[in-house]
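Please read this briefing alongside the sequence and the coordinates.

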Amino acid sequence: MRIPLLILALGAALAILPFVGSEYALSFTVQLLMFTALAYSWNIIGGYAGYTHFGQVAFFGLGAYVGALLIGAGWHWLPAAGAASLAAVVLALVLGGAMLRLKGSFFAIGMYGLARVGENFALGFDGITQGGTGLYLTPADLKPIYAALAVIALALIYGTHRLDNARFGLQLLTIREDETAAEALGVRTTRLKIAAFMISAAAPGAVGALYATYLAFIDPATAFAPMTELTTIAMVLLGGLGTVLGPLVGAVLLSVVNELLWSRFPELYLGLVGVIILGAVLFMPRGIVNAVARRRWRWSAAPRAGLRRLADAVPAADTGRRALPETAPAPRAPDVSVRST
Amino acid sequence: MSAPAILDPHADQRPAGVAPGRDDILVVDGVSKRFGGRVALDAASLTVARGSITGVIGPNGSGKSTLFNIVAGALKPDGGAVRINGRDTTRHSPAQICREGVGRTFQISRLFAEMTVLENLVAIAHGKSDVQAVERARELLDFLEITALRDRWGSELSYGQRKLVEIARALMLEPTLMLLDEPFAGINPRLQNRIVEHLDTLRRDGLTLFFIDHEMRIVLEVCDELYVLAEGRVIARGDPEAVRADPAVAEAYF
């Protein structure tokens with residue numbers, strides 16, 4: 001039960017911060033929470049289902065515009081963010097059937113193309129979006145936005161924890177591991193993929209709207225920025241693909257490093273961030289959390305421990321067949337090394 | 001098993017030359033498949049009696065794998081039909097065939113590599129609660145004597161262990177027909193004998209097993225009925241003794 005405890009602790013820290021932290025700390029945490037939410041969302045389809053892609057920013061951008069337009073029409077930012085989330089989920093449902101037929105790099109690149117289409121729509125439909133000029137909003141109070149983002153991020157961490165121990169999560173993993181075999185064994189891969197895709201679009205839609213509210217401005221280049229996409233993916237890769245804590249570890253680490261380097265080496269910082277990511281991918285290709293699990297450090301939570309606990313708890317059924325003696329070797333911690341096969 | 005022909009409702013569906021009065025779970029009726037100019041299967045027919053262990057053997061390139069993949073739905077034939085439980089499944093997808101109560105293993109292991117053995121089994125369970133799925137998985141691991149592998153990663157297992165886990169995984173679906181793609185190829189005789197024992201037990205429990213392989217010794221030992229393929233045609237069928245004695249088989253195979 002380490003992860004629910006961790007979430008509670010994080011929640012407490014996030015609740016205290018607005019009262020003790022500076023405006024700067026709050027604004028940094030807003031960005032951190034935003035990226036945490038994006039990273040967790042991407043991890044569901046990219047990490048668990050194995051459908052990595054470069055197009056999450058399409059949902060983020062759509063959410064930013066839906067939110068900004070609704071706020072412009074007089075909506076409060078909170079229901080506007082809800083509507084933005086819904087719009088992103090609907091888009092994922094519509095696109096899912098077509099895009100998820102693509103596999104591997106075709107899906108990854110196809111989704112990138114989709115984000116570019118989104119950006120060009122935002123530029124082109126300038127009657128609605130004001131094109132490259134962008135939409136301006138009345139600045140909103142930072143603290144409620146911060147609170148909304150904190151709730152979204154914590155909910156995603158908890159949701160991923162649940163997913164990691166659920167049949168749905170296991171079935172997503174079978175898609176990642178061998179989709180053809182999974183299908184031949186009766187796993188309903190198409191609907192699972194679309195469901196995962198829709199879930200992974202929900203938070204980016206809402207976060208896009210909250211980001212527009214936070215900036216009090218949105219234009220196509222900001223809404224569909226490839227940098228948002230790449231930062232999110234780098235965080236998941238750095239932290240650990242398809243793990244419960246990976247996106248959090250990656251988001252915190254990369255945000256802090258980013259912030260430190262940016263203030264000290266304004267010209268060099270992007271290059272340095274690149275070097276760090278390169279080093280991490282070279283030496284810990286499955287990310288920090290997987291590398292830690294592989295070393296079996298005591299404090300690291302075993303992946304998908306729920307099922308194993310269940311198997312230990314379920315009393316041995318009396319099958320009347322030969323059983324192995326009780327002295328069977330104790331199961332050892334799983335090895336999540338990268339394999340050449 | 002033998003009923004008078006007049007009581008046999010499927011007599012009209014049976015390919016020519018097949019004895020009437022059998023309850024066949026699987027019927028392959030004149031199936032042909034061409035790859036480019038090469039004929040892989042040439043009007044091959046066979047039937048699998050419910051509750052039997054039926055095998056197909058043949059030299060490399062005889063069309064065994066093509067036949068297997070057509071039955072499993074991974075390939076569509078150019079002609080002919082496949083019926084499972086009397087239903088035409090010729091154009092079914094592998095997923096639909098699975099839902100007809102057919103479990104399968106793969107020639108080259110397709111275990112989910114970065115999942116544990118337990119997870120491999122539980123992930124594909126259908127219509128079961130987590131507790132029921134875990135219970136069933138433990139029963140099967142117990143039955144196949146691989147309980148010690150429960151928490152091992154799929155990718156850590158040896159070739160032979162993978163074969164056993166694949167059998168356990170397919171059994172999670174509680175199939176009525178099991179398709180085994182070369183279950184004996186490339187594993188040591190001791191493990192082969194163990195698998196034979198397990199298949200025998202499963203058959204006694206009412207499961208029908210259909211497999212392809214080219215390990216002559218073990219196939220002759222385990223099968224109730226045997227088909228021999230050569231160059232895409234069925235050149236012999238019958239019980240192992242009859243097939244062994246068939247001069248056409250000796251010429252094609254030995």
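Helix α11 of chain A is mostly covered, with 11 of its 14 residues buried, where a residue is buried if 20 or more other C-beta atoms lie within 10 Å of its own, exposed if 12 or fewer, and partly exposed in between, the C-beta atoms being placed from the backbone. This is a predicted model, in which local features need pLDDT of at least 70 and side-chain atom pairs count only at pLDDT 80 or more, while totals for chains, interfaces and linings use all residues. Residues are numbered from 1 along each chain as its sequence is written, and chains are lettered from A and ligands numbered from 1 in the order in which they are written.

**Helix α11 of chain A**

- The helix covers residues 226–239 and reaches 20 Å from its first C-alpha to its last, close to the 20 Å expected at 1.5 Å a residue, the expected span being 1.5 Å times one less than the number of residues.
- Helices (H or I, at least four residues) and strands (E, at least two) are DSSP runs, numbered from the N terminus.
- Among the buried residues of α11(A) are A:T228, A:E229, A:I233, A:M235 and A:L238.
- The cover over these buried residues includes α2 (23–48), α3 (56–72), α5 (104–124), α12 (246–264), α13 (269–283) and α14 (287–295) of chain A, with two residues taken to be in contact if their C-beta atoms, placed from the backbone, lie within 7 Å.
- Just after α11(A), A:G240 takes a positive phi of about 140°.

- Two packed helices are described by the angle between their axes and the distance between the axes.
- The axes of α2(A) and α7(A), the latter spanning residues 142–164, come within 9 Å and cross at roughly 30°; axes are lines fitted to C-alpha atoms, for helices over the stretch in contact, and angles run from 0 to 180 degrees between N-to-C directions.
- α2(A) and α7(A) are therefore roughly parallel to each other, since angles under 35 degrees count as roughly parallel, over 145 as roughly antiparallel, 65 to 115 as roughly perpendicular and the rest as oblique.
- The contact between them involves residues including A:M34 and A:A37 of α2(A) and A:L149 and A:I152 of α7(A).
- α7(A) and α9(A) pack at an angle of about 160° with their axes 10 Å apart, and α7(A) and α9(A) are therefore roughly antiparallel to each other.
- Where α7(A) meets α9(A), the residues include A:L149 and A:I152 on α7(A) and A:V207 and A:L210 on α9(A).
- A:V207 touches residues including A:M34, A:A37, A:L149 and A:I152, not counting residues up to four places away in sequence.

- A:A216 has a positive phi of about 60° although it is not a glycine, and A:A216 lies in the loop between α9 (189–215) and β2 (217–218) of chain A.
- B:E231, in the loop between β9 (225–230) and β10 (233–238) of chain B, has a positive phi near 50° and counts as partly exposed, with 15 C-beta neighbours inside 10 Å.

**B:L67 in chain B**

- B:L67 is placed in helix α1 (residues 64–72) of chain B and is buried, with 27 other C-beta atoms within 10 Å.
- Not counting residues up to four places away in sequence, B:L67 touches B:V28, B:L41, B:A44, B:V56, B:I212 and B:L229.
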